[in-house]
Each structure stands twice: as C-alpha cells, then as structure tokens.
Amino acid sequence: MASVKIRNVEKNYGSLRVIHGVSIDVEDHEFVVLVGPSGCGKSTLLRMIAGLETISGGDIMIGDKVVNDIAPRDRDIAMVFQNYALYPHMSIFDNMGFSLKLRKRPRSEIEEKVMEAADILNLKPYLERSPGQLSGGQRQRVAMGRALVRDARVFLFDEPLSNLDAKLRVVMRTEIKALHQRLQTTSVYVTHDQIEAMTMADRIVVMNAGRVEQVGAPLELYDSPANLFVAGFLGSPSMNFIKGRFRRAGDGAHVLCDDGTVLPVPATSGATDDQQVVAGIRPEHLRLAGEGAGVAATVDVVEPTGANIELFVELAGERVCAVFRERHPFRPGEKIALGWELDKIHLFDASSGHRI
Amino acid sequence: MYLRKFRKFACSALALGIMTGVANAQTTVDFTVAEYSSKTGPFFDEVAAAFEKENPDIDINIEVVPWDTLLQRLTTDIAGGVAPDISIIGTRWLLDFAQQGIAEPLDSYLTPEFKSTFIDTFMQPSVIDGQIMGLPVAASARAMLVNMDLFEKAGATPPTTWEELYEAAKKISALPEIYALGLQGKEIETDAYFYYALWTFGGNILNEDGTSGLDSPEAIEAARFYKKMLDEGLTQPSPTNYSRENVFNLFKQGRVGMIFTFPMLIPQIKAEAPDLDYKVMPFPEKVTKATYGVTDTLMMFADSDVKAEAWKFIEFAYKDEWRSKFDRGEGFLPVTKNVAAEDYYKTNEDIAGFAAGLPYAKFAPTIANWEEIADVTVRALQRIYLEQETPEAALTAAAAEINEIRGK
Amino acid sequence: MKSLNGFKPLAMILPGLLLAMFIIGYPVLDLANTSLQEVSRFGQLRGFTGFDNFAEVFSDPLFWGSLKRTAIWTVTVVLGTLVISLPIAIILNDDFYGRGVARVIIMLPWAISLTMTAVVWRWALNGRAGLLNATLMDMGIMTEPIEWLAEAQLAFTVEMMIGILVSIPFTTTIFLGGLSSLPQDSYEASMVDGATRWDQFRYITLPLMKPFINIAIVLNVIYVFNSLPIIWVMTEGGPANGTDILVTYLYKLAFRFGQLGKASAISLIMFGVLLLFTVIYVVLVMRDEKDTAAGEDE
Amino acid sequence: MPSKLKKSLIYWAFLSPLVVVILFPFAVMLVTAVRPRDELFVYPPRWGFSEFRWDNFAEMWVKTNFGEALFNSLYVSVLSTVLALVLSIPAAYALSRYPFPGKGAYRTFLLMTQMMSPIVLVLGLFRLMVALGMVGNLNSLVLTYAAFNMAFTIWMLQSYFSTIPRDLEEAAWIDGASHLNSLIRIFLPLAVPAMAVTAIFSFINGWNEFVLALTMIRSSDDFTLPVQIYSQVAGRYQVEWHHVMAGTVLATVPVAIVFSWLQKYLIRGMALGAVK
C-alpha cells in the first residue's frame with residue numbers, strides 16, 4: 001500500500017488556472033473523499049494523480065516517489081471511471097483480467113484473481129457476457145472488479161455512482177465502504193454528493209473553485225465547518241444562515257438581525273461587538289421553544305419525508321428550515337417559536353466567511 | 001452556346017417520356033471522323049459547312065472519335081443499330097467490315113473519272129474480291145529519318161543497306177548517351193516496325209499459300225538482326241517500354257541517329273525541335289527495296305438510308321482543294337493524282353523522300369482478324385526483345401498461332 | 001410505434017429500385033444473353049451456342065494467366081491500401097500541427113480521375129523523357145534511367161503501387177469515420193491498466209475497427225477487381241500480356257479483337273467470382289461481428 | 001520541446017514519403033502544363049524551363065473546347081448527384097426506420113449493383129440507351145451515373161439516418177405533424193452532413209467517370225472533361241502534352257477545392273454513420 005502526497009499542485013489550461021496550489025496528504029490505507037460542486041477541479045486533481053492530466057506546478061508523490069512525469073501504467077494505481085469505461089468488445093472476464101494480461105501474467109493467475117474479484121462482487125454468472133448485455137449496476141461492479149484485479153497500491157474513484165439510480169447508489173456505497181474496510185487499499189474518491197462524502201470518507205477534502213476549503217474527518221467538518229462554504233455544502237437539508245450584528249449584553253450575547261429579531265449566541269464567542277456576522281444553525285438543531293422563549297417564526301411549507309418532518313418557516317426575514325422527528329401538526333401560517341442549544345449555533349465573519 | 005445546349009437536353013429529357021422521334025425535313029448524314037490531330041475536327045467541320053452551304057437540304061453530322069477508341073465506338077454503334085452513314089476506318093479492318101456485310105461496295109457509285117483521280121497504289125488495299133469497298137482517305141508511306149548532326153559528329157555516312165546501317169550504328173552509338181537506331185517495342189504498329197526489315201530481308205507477312213511468313217528464314221534473320229542491334233547497345237535499351245510516340249520523342253531530343261517513321265512526324269519536328277537537322281531517306285535494303293504503305297479508308301455503311309446524299313458529300317470532300325488542304329495540314333501523302341502533281345509535293349524534299357518509296361510500297365494484307373494477328377506478332381517480338389525466347393522459337397510459335405487463327 | 005404498415009416503406013424504396021433494376025438489370029440480362037450466343041465482330045447475335053463461349057474461355061491460357069494476375073492485383077492492392085491507410089487514419093485522427101493540410105493532400109488522389117492519373121504517371125515514367133527518372137538521377141539514387149514499364153514484372157508492380165495510391169483516400173476516410181466513433185474513455189482506462197500505445201492499438205483500436213476494416217475490404221475488392229484505367233492506359237496489359245488482368249483482357253477481346261461472345265462470358269465469370277467472394281466474406285466474417293454488437297443498450 | 005511539436009514532427013516524417021508520392025504527379029502535371037512547347041522533349045529531362053507559358057491554358061481552352069466540356073461535366077455530375085439523392089433519401093429513410101419484408105434481399109441487391117463495373121456492361125447499357133433514344137445525350141449519363149451511385153448513397157445515408165434519434169420525430173408526430181413534413185422539417189435538417197458526404201462521393205464519381213461517357217457521347221461538343229482530355233492523347237499522331245496536362249490541371253482544380261472545403265463533412269458524415 002502507499003500514501004499519496006499532493007504538494008501545492010497547480011493546473012492551468014492555457015492562461016486559465018483551474019487548480020491553485022492544492023496540498024493534501026492521503027495516508028496509507030486511508031479513504032479520502034474529494035467533494036465539491038461540479039467544476040471545482042476535483043476530477044482534474046484525481047486525473048492528475050492518475051497521470052491522465054499533466055501537472056502544471058507542484059508535485060504529486062505516490063509512496064515516496066514523485067510521479068509527475070511517470071506514465072499512468074507505471075504509477076501502480078487503479079481507477080474506476082464515472083461511466084465505467086469498460087472495453088465494449090471484450091467479455092467481462094477479459095475486461096477484468098486485461099491489466100494482468102498486459103503484464104503477461106500466466107493464465108492460471110489471471111483466472112484465479114478474476115474469480116476472486118468476481119466472487120467478492122458476485123459477478124460470477126456474468127463473466128462470459130459483454131458489457132452491452134449488463135445493467136448499470138452490474139457494469140459499475142465490473143469497473144470495480146477491474147480495479148480489484150489490478151491490486152494496485154492506490155484506488156481512484158471518479159464519481160462511480162453518479163450514473164446509478166438512487167436506490168442502487170445507496171447499496172453500492174455500502175459495498176465500496178465494506179470493500180475498503182476489508183482491503184484497506186489507499187483510496188481517493190471524488191464525488192459531488194455530500195452524503196457519499198459523509199458516509200464513506202475517513203477524511204473529507206472540501207474543494208471549491210480549484211482551492212481546498214477544509215480538510216478533516218466527516219463529523220469534524222460537519223460540526224465545525226471552517227467557513228460559510230463548507231458549512232453550507234455539508235449536511236442535507238443544508239445549514240440555515242441569518243445575517244446580523246454581534247452584540248454583547250451583560251454576561252450574554254446575541255445577534256441583532258436587520259428586522260430586530262434577537263438570536264441568542266454563546267458569550268464565549270470571539271466576535272467583537274457590532275461585528276457583521278452570519279449565524280448558522282443546522283435544521284436538526286432547531287427545536288420548538290417553550291412558552292415565551294425562543295425566536296418567533298411563521299410556518300411557510302411543511303414537507304413530511306416519513307422519517308421526519310422538514311418545516312420551512314419565515315424567521316428574521318429569512319427562509320429557515322427545521323427538521324423534527326416527531327409528527328407535529330403544523331399548519332401553514334401558524335406562529336411558532338424556535339430555540340436551540342447555544343453550543344449548536346455557529347458564527348462566521350460576514351465579510352471573510354471564516355468561522356469565529 | 002450553353003443555352004442552345006440546355007434547350008437540346010430539355011427536349012430530349014422530354015423524349016424520355018414519349019419515344020416518338022421528331023421527323024426533320026433535312027436528311028442527315030452521320031460521318032464518324034477518326035482524329036489524327038487537333039486539326040482533324042476543325043478541317044472536316046469546314047468541309048461540312050461548305051457542303052451544307054451548297055446543299056441546304058443535307059445536314060452533315062460530324063462525330064470526331066479518338067483513334068484508340070474508334071473500333072470500340074464503331075462496334076457499339078453497329079451492335080446498337082445506330083451505325084453512322086460514312087466513317088473513316090483503318091484499312092486493316094476493312095475486310096471484317098466487308099465480310100460481315102457492313103461495308104457498302106462503291107463500284108456502282110464510282111464514276112470512271114472520279115476513280116481515275118486516285119493513285120492506283122493507294123486504291124489497291126481497299127479492293128476486296130474485286131469490289132471497291134472504300135476510298136483511300138489518308139495515306140502514308142514509311143521512310144527512315146536520320147539525324148545529320150550525329151552522323152557528322154560520328155563521322156558516319158547515312159546508310160542505304162542494312163550492313164551500312166550496322167557499320168554506321170557502331171560509330172554513332174560510340175557517341176555518349178546516343179543510340180544509333182530507335183526501336184519501337186510497344187503498342188500500335190510495333191509489328192509494322194519489324195515488317196520494314198522483314199520485307200527488305202526478302203520475307204513476307206503471308207506466304208503464297210496464305211500461311212504466316214513469320215517462321216520463314218528471312219523473317220528469323222531480320223529478327224536476329226534487330227536482336228543483335230539491341231544486344232550490342234546500338235538501339236535504346238528496353239524497347240518494350242517505347243511506343244511509336246516515345247521513339248519519335250527520342251529523335252526529337254536528338255538522342256537517336258536513325259528512326260523509321262511516317263510523314264506526319266515532320267510538322268511535329270518543325271514545331272517541337274525546330275533546329276534539328278534531319279534527312280528523309282528510304283529504308284535500307286538487303287534483298288529488295290520496300291516501304292510500308294498505310295492507308296485509312298473512307299467507308300459507307302450498307303444499312304445507311306441516305307447513301308445518295310452521303311456519296312454526294314464524299315465526292316465534294318474529294319475535291320482537290322480539300323484534299324490538298326487535308327494532306328498538307330496532317331502531313332499525309334496525297335492519294336489523288338492532281339494533289340500529288342502539285343509542286344509542294346515535288347519541291348518539298350521531305351514529302352518527296354516519303355513519296356519516293358511508293359513504287360515499291362507493300363501494304364498489310366487485308367485479311368480477317370488482322371488485329372489478333374498483329375497482337376500475336378507483337379507478343380512474339382516483345383518476347384524476343386525481353387530475351388524470354390530466341391527469335392527462332394518466338395517466331396515459329398507466333399506463325400503457328402497465326403495459322404491456327406486463320407484456320408490454315 | 002409501428003405507425004406505418006408495410007406498404008409505405010416499399011413505396012419509398014420503389015423509385016430507386018426501379019431505376020437501378022432498369023439501368024443495371026437490363027444490361028446484365030443482355031450480357032448473359034450475349035455470353036450464350038455466337039456473336040459477330042460487331043455485336044450482332046448469330047444464334048444460340050450454349051456454353052461454347054465459356055468452354056473457349058476456360059481453354060484459353062491467357063484467361064488463366066489473367067485470372068492469376070487479377071488475384072495478385074486485387075490482394076496486393078487491397079492489402080497494401082489497408083496496411084497504409086490504417087496508420088495514416090490514426091495519425092490524421094490525432095491532433096498535430098498542419099493536420100488540415102495533411103488531410104487535404106492525402107485526399108487529393110481522389111479528386112482526379114483514374115484515367116488522368118494513369119496518363120500523368122505514364123508520361124512521368126517514360127524512360128528517357130520521364131521526370132521520375134530525371135528526379136531520381138538528380139538525387140543520385142540512380143545512375144542509369146530505369147525503364148519502368150518495359151518488363152511485365154516491374155510494370156505490374158508499379159501499377160499495383162499506383163492502384164494502392166489511388167485507393168488510400170477512400171479507405172482512410174472510412175477508417176477516420178471509424179476511429180472518431182471509438183469510445184475515448186476505454187483508452188484512458190487502458191492507460192491506467194498498463195497498456196502501451198502498441199497494446200492500445202492491438203487490443204482496443206484493431207478489434208473495435210473490425211466492422212470498418214471489413215467494409216473497406218469488401219468495397220475495395222469490388223472497385224479494385226474491376227479497375228481498368230491504370231493498367232490499360234499504362235501498358236494495355238502488355239508487354240506480351242504480362243500485366244493483363246481479367247478486365248483489361250476482356251476489354252481487349254471485346255473492342256480490339258471483336259470477340260464479344262467470349263468477352264461477355266468473361267465478364268459473367270468475373271461477376272460470379274466477385275459475388276462468391278462477397279457472399280462468403282459477408283457470411284463468414286461479418287456475421288460473427290453482428291452478435292458481439294447486439295444488445296447495445298440496457 | 002513541447003510534446004505536440006515533437007509528435008507533429010514524427011507524424012510528418014511518417015507521412016512525408018506518401019505526401020511526396022501523391023504530389024509528384026501533380027507537380028509533373030503543373031510543370032508540363034506551363035512549359036513552352038519546344039522544351040517538352042529536352043534531354044536530360046529536367047524540371048526547370050525557361051518561361052511560364054500561361055497561354056498554354058488559353059490555347060488549350062480554345063482548341064479542346066474546354067469550356068463546353070467543363071459545362072458538360074458539371075451538368076452530368078450535379079444532375080446525377082441530385083437524382084441519386086432524391087431517389088435514395090426516401091429509400092434510406094425507409095431502410096433505417098421501418099422493418100419490411102425483403103429488407104435483407106434489397107440490401108444485398110444494392111451491394112450487387114456495385115459489383116458490376118460499367119466497363120463490363122457497356123454494350124448492354126448502350127443498347128438500352130439506343131432503345132430509349134438517348135444515345136449521344138448527356139441525360140443518358142445522368143441516369144446511368146445515378147443508378148450506379150445509388151447503392152453507395154443509400155447505404156451511406158441509411159447508416160447515418162439510423163444514428164438520428166427517433167424521439168425527435170415521434171415528438172413531432174405527437175404534435176400533429178404528418179410523416180412527410182416531419183421528414184422534411186425535423187429529419188432532413190439533421191441529416192445535412194450525411195447528405196453532403198454522399199453528394200461529394202456521387203459528384204466525384206460523376207466528374208471522373210470515363211468509360212460510359214466515352215461510349216454514350218457522340219459529338220465532341222458533348223464530351224465530358226475526362227473524355228475530352230483523353231481524346232488528345234489516344235492514338236493521335238501528334239500529342240500536344242502541354243495541352244493535355246493543362247487540361248488535366250484545370251479538370252482537377254475545381255474538385256480538389258470542393259474537396260478540401262467539404263472535407264470535414266466527409267469525416268463527420270462517415271463517423272456519425274459509423275458504417276454499421
């Protein structure tokens with residue numbers, strides 16, 4: 001197995017710079033997910049690790065060797081492509097065993113390896129078929145099988161689940177995670193789906209417009225997002241943001257919104273008085289306040305998802321979303337009051353977006 | 001000009017729907033003209049225009065056809081039932097046309113005085129089984145052209161006999177990158193190039209009994225002579241890559257001392273190699289003197305339904321003024337006595353050189369399947385020049401094959 | 001949604017079918033009829049003679065010689081064209097400086113008629129006055145001019161090379177069409193799998209190009225088998241019939257020696273040989289190709 | 001050195017022998033066409049010549065009636081292409097859209113029509129044209145060229161049409177369009193590249209065809225270009241090579257230009273057609 005070190009790597013297409021000095025260290029056996037909106041450069045970065053894109057600046061090291069100028073085949077990496085990139089004219093068996101055939105491995109070894117991978121991914125009944133005769137899910141598994149057989153030092157995944165239907169995506173997610181726990185191969189996984197990131201990653205790298213916003217464990221990012229972008233990106237439904245001014249009052253503190261609403265915040269916050277701030281509260285951290293407490297809000301839209309109820313309310317002149325496990329009989333237009341644990345609210349500097 | 005054409009197609013496209021032909025008042029004489037040079041088409045258009053002025057009710061439709069595809073054109077026309085009324089053909093095909101009943105005998109049309117205008121030697125080849133099946137329209141006799149500069153440089157004298165030719169050849173070939181004799185070995189008239197020697201060595205294309213004369217001792221000796229010249233580098237190498245035209249090009253380039261050619265080369269030399277000093281001489285002789293007379297024939301088609309009008313045009317076209325203009329323009333020998341009597345043919349020593357051979361001119365026998373026999377002969381000669389077979393073996397095999405073709 | 005009954009498509013096919021049947025069908029029947037008749041020099045049918053023409057053809061040594069040369073001619077030209085056109089297509093499919101110019105030049109031989117190409121080559125190959133010898137001698141490659149068309153073997157080789165040259169544009173275009181329809185991501189996957197450029201060519205490009213190669217082979221064989229102008233203009237099948245292939249021998253028989261019956265027989269035999277080849281090829285080679293491409297989508 | 005430049009050099013090195021061999025005849029043509037007549041047969045043969053004799057082209061234009069031949073070639077090539085397309089578009093559409101009895105037989109028939117080369121059929125074709133009373137008329141060429149080209153045009157169009165998604169038309173049908181105007185308004189605009197490709201192929205076949213034109217056309221002012229130029233070489237005692245080559249150059253230039261201009265269509269047409 002091997003670690004993957006990315007040292008302030010840059011990438012530009014002509015004069016346009018798409019990746020600005022990114023540095024990430026993927027430890028041995030780790031499962032790191034690169035997540036971000038489409039066009040943020042995550043796939044480009046992955047392809048640079050694979051060697052399918054040239055590196056404009058900085059270094060990429062696999063294990064302890066700089067691989068900038070090494071051809072993909074000599075980097076000992078395996079990759080699962082977004083639309084599987086299976087060889088249409090070869091059988092599933094040949095598809096999976098192709099990398100070994102290229103390295104002139106004996107037939108018996110190829111058979112053994114392919115059978116083993118087919119077992120893991122229960123592809124045995126389809127080995128003699130051609131890709132055209134398989135379903136999306138099956139083809140996705142063959143793409144993975146091909147990577148398995150390669151038993152490379154690093155696995156690269158380029159949004160492998162994006163072409164699957166929602167149900168199958170959940171199943172495959174768990175399968176990939178189980179596979180990693182079993183094989184412990186260092187993996188770099190690219191996705192735009194933040195739920196995949198949260199559920200699969202040992203560590204997540206949130207990227208935006210060619211820059212790294214934050215790197216950390218899923219829950220660390222979820223609970224203490226470094227900036228507005230990360231806060232808004234992770235979590236579904238996403239965090240609510242309300243602008244206002246930070247005010248200290250006695251031993252407490254609050255945020256005064258433009259329309260006069262007062263939002264209680266922890267006094268320990270490092271914000272300075274009258275600082276323009278953005279208050280962030282996750283929908284599941286909002287709860288119905290008792291009589292006379294909490295902040296006034298009027299119900300706008302009620303969306304039951306079965307497991308819980310997503311409630312959209314008008315609060316401090318902004319649309320805010322709250323999630324409740326219990327089935328309260330909310331009716332549009334009803335006046336309610338919402339409250340939250342002081343340690344659950346986040347404050348960001350309005351101009352820089354950084355966490356305070 | 002284009003508009004007229006467009007109208008013509010539009011109405012014929014209409015004709016596709018309705019098959020009725022449009023009966024026109026004029027009678028049309030279809031005349032297929034073989035193309036000797038870029039001057040041929042315009043000349044016959046001029047004759048036709050003049051004729052149509054005098055005979056407004058007759059329209060002459062000229063169709064100019066390249067020589068190489070003339071036989072194919074006539075074959076498809078006849079097969080398709082749209083043969084022309086009159087056509088220029090190679091005399092060597094005349095027998096086939098006559099035998100298949102396609103050519104119209106002209107004796108009944110030919111008035112005695114019109115017949116007397118023709119030079120007998122040229123009339124002879126178009127007479128088959130006593131019937132005149134066509135009129136000579138173009139004639140040439142072959143002769144030798146020598147490059148006087150090369151002869152002076154080599155200190156050789158233009159030869160009159162094959163031995164003298166051989167001696168002179170050795171001197172001329174000594175000159176750097178110069179060859180004494182141009183030897184044709186490819187395509188049309190490759191066999192004629194051999195007949196010049198065959199005849200002068202005393203041989204003949206056909207023996208009295210009609211069998212092929214190719215395996216006669218004289219024929220073999222003539223072939224051996226050519227082969228000797230080739231082997232000793234006295235001719236240009238690989239003759240089988242040299243068609244008639246390629247050999248003449250060598251002469252124009254001044255790279256060859258002697259060639260056997262026809263009068264039509266003279267105007268070319270004047271245009272393309274103006275300062276070439278050449279002299280026209282008869283073929284070298286051994287046993288006899290000989291030259292190769294070649295005529296083309298103007299023939300009328302038996303199933304033409306405008307024979308009278310066609311004949312009228314023929315008589316018109318044979319007027320001295322037209323014949324003289326035609327012969328001079330194309331560089332042919334005259335076929336009619338009056339034109340031959342013109343001083344141009346007396347004073348012009350080039351033409352005189354070619355015409356001098358007429359008394360002893362020999363003609364290719366008008367026999368059936370001539371093209372095939374010629375092809376067999378050419379193939380034999382090519383095998384000899386390529387050293388694939390000795391002259392004797394090649395010629396005997398060829399003679400056998402010819403006899404089989406002729407059913408002798 | 002089969003919204004149209006079987007009649008409408010037939011109606012759409014009919015006009016084209018009628019024209020083709022009429023314009024091509026009639027002459028084929030006429031040819032068949034002629035081949036069974038005794039025919040005069042000028043194409044007049046002289047009555048039924050059954051298979052005499054065919055018997056005459058099969059007993060003619062020049063026919064067998066021409067048949068052998070036709071096989072050599074077709075195989076060499078078609079294979080030569082394929083072997084050269086594939087790399088050319090791969091290059092032209094890739095992006096490099098001056099690609100546009102290269103494409104136009106490669107396509108140029110298609111813009112000029114075969115007859116003209118042959119006339120120009122014959123003029124250039126002429127022993128003494130030809131520019132080819134001149135150029136080669138100027139470049140010092142040769143000291144003595146070579147008589148390219150003097151001897152059958154060399155002449156035939158030169159003609160085959162020109163045959164290849166003029167077939168390259170058509171074949172390259174077919175391959176370019178094929179190459180640009182290949183799935184690009186398979187190549188990236190193969191790079192990761194450890195394939196060198198040669199492996200990519202052997203295991204991905206070639207197998208996926210099979211349908212295009214087959215089409216190119218069938219069409220080229222048909223066009224090359226029937227190609228008259230190059231050999232006719234340059235050597236007329238000579239010297240000593242050394243470069244005659246069936247179509248030039250047939251043309252000589254029909255229009256120079258006037259043996260139309262025999263010529264018709266040969267043309268039918270040619271059609272038979274070509275038909276046989278195409279049917280066998282289509283059944284054998286292109287059939288198994290059909291099932292691998294079956295069931296394309298989910 | 002940037003990889004693209006290195007790659008370009010390697011590619012050009014590989015292409016250069018072929019490019020030289022392709023351009024050689026064109027160079028010979030050009031050099032012979034502009035040479036003064038008395039330098040045609042100079043020894044040793046050389047590329048150079050004393051002066052550009054441009055009026056060779058003018059002389060040739062007049063002497064060989066080149067203008068008329070050019071018009072005839074254009075007339076025949078364009079009309080036969082239009083006729084071939086008009087007849088093959090519905091057929092190709094039917095082949096690609098509807099299953100119908102005898103479809104396989106029809107496709108094999110098309111392939112077989114390709115197998116009979118015109119040379120072999122020239123006598124029969126001639127008799128047919130005589131029966132139609134069209135011998136000597138350029139329309140006979142228009143018909144025969146269209147008939148011989150149709151096999152390829154139908155096959156080419158059909159393989160392209162089958163790549164055009166059906167749902168566009170089906171949507172039009174639902175909107176109430178009849179089959180005919182869905183074909184014309186929706187389908188054909190999408191098929192323009194394929195039609196361009198087939199048009200080029202058919203045009204070039206018509207432009208360069210020789211044997212049929214030689215047999216069918218009688219009077220020299222109806223000759224098409226290939227026949228007109230060939231007639232200056234075939235069997236004449238006096239071959240004016242500078243005119244022959246001048247004619248060949250002029251006959252090649254228009255097609256070469258059309259070619260390079262529509263070239264990208266050709267590739268795209270072939271590609272999308274995927275030649276199934």
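**A strand in chain B and helices in chain D**

In strand E11 (residues 291–300) of chain B, B:Leu298 is the bridge partner of B:Leu135. Before we go on: this is a predicted model, where local features need pLDDT of at least 70 and side-chain atom pairs count only at pLDDT 80 or more, while totals for chains, interfaces and linings use all residues. Residues are numbered from 1 along each chain as its sequence is written, and chains are lettered from A and ligands numbered from 1 in the order in which they are written.

Helices (H or I, at least four residues) and strands (E, at least two) are DSSP runs, numbered from the N terminus. Two strands pair if DSSP finds at least two bridges between them. So who pairs with E11(B)? Strand E6 (residues 135–141) of chain B does, antiparallel and over six bridges. Strand E3 (residues 86–90) of chain B also runs antiparallel to E11(B), with five bridges, and here B:Ile86 sits opposite B:Met300. Strand E12 (residues 361–363) of chain B is parallel to E11(B) and joined by three bridges; B:Phe363 in E12(B) faces B:Gly293.

Is E11(B) enclosed or open? Since 10 of its 10 residues are buried, E11(B) is largely enclosed by the rest of the structure. (Buried means 20 or more other C-beta atoms, placed from the backbone, within 10 Å of the residue's own; 12 or fewer is exposed, and in between is partly exposed.) In a regular strand, side chains alternate between the two faces of the sheet. In E11(B), B:Thr291, B:Gly293, B:Thr295, B:Thr297 and B:Met299 point one way, and B:Tyr292, B:Val294, B:Asp296, B:Leu298 and B:Met300 the other.

Now hop over to chain D. There, 79 residues are in contact with 73 residues of chain C, contact meaning C-beta atoms, placed from the backbone, within 7 Å. Several helices of chain D contribute, including H1 (3–33), H4 (103–115) and H6 (138–161). H1(D) gives the most, with 17 residues. This side of chain D has 61 nonpolar, 13 polar and five charged residues. (Ala, Val, Leu, Ile, Met, Phe, Trp, Tyr, Cys and Pro count as nonpolar, Asp, Glu, Lys and Arg as charged, and the others, Gly among them, as polar.)

Finally, look at where H4(D) and H6(D) meet. D:Leu110, D:Leu111, D:Thr113 and D:Gln114 in H4(D) touch D:Ala151, D:Phe152, D:Ile154 and D:Trp155 in H6(D). By class, that contact has six nonpolar, two polar and no charged residues.

Methods
Two residues are in contact if their C-beta atoms, placed from the backbone, lie within 7 Å.
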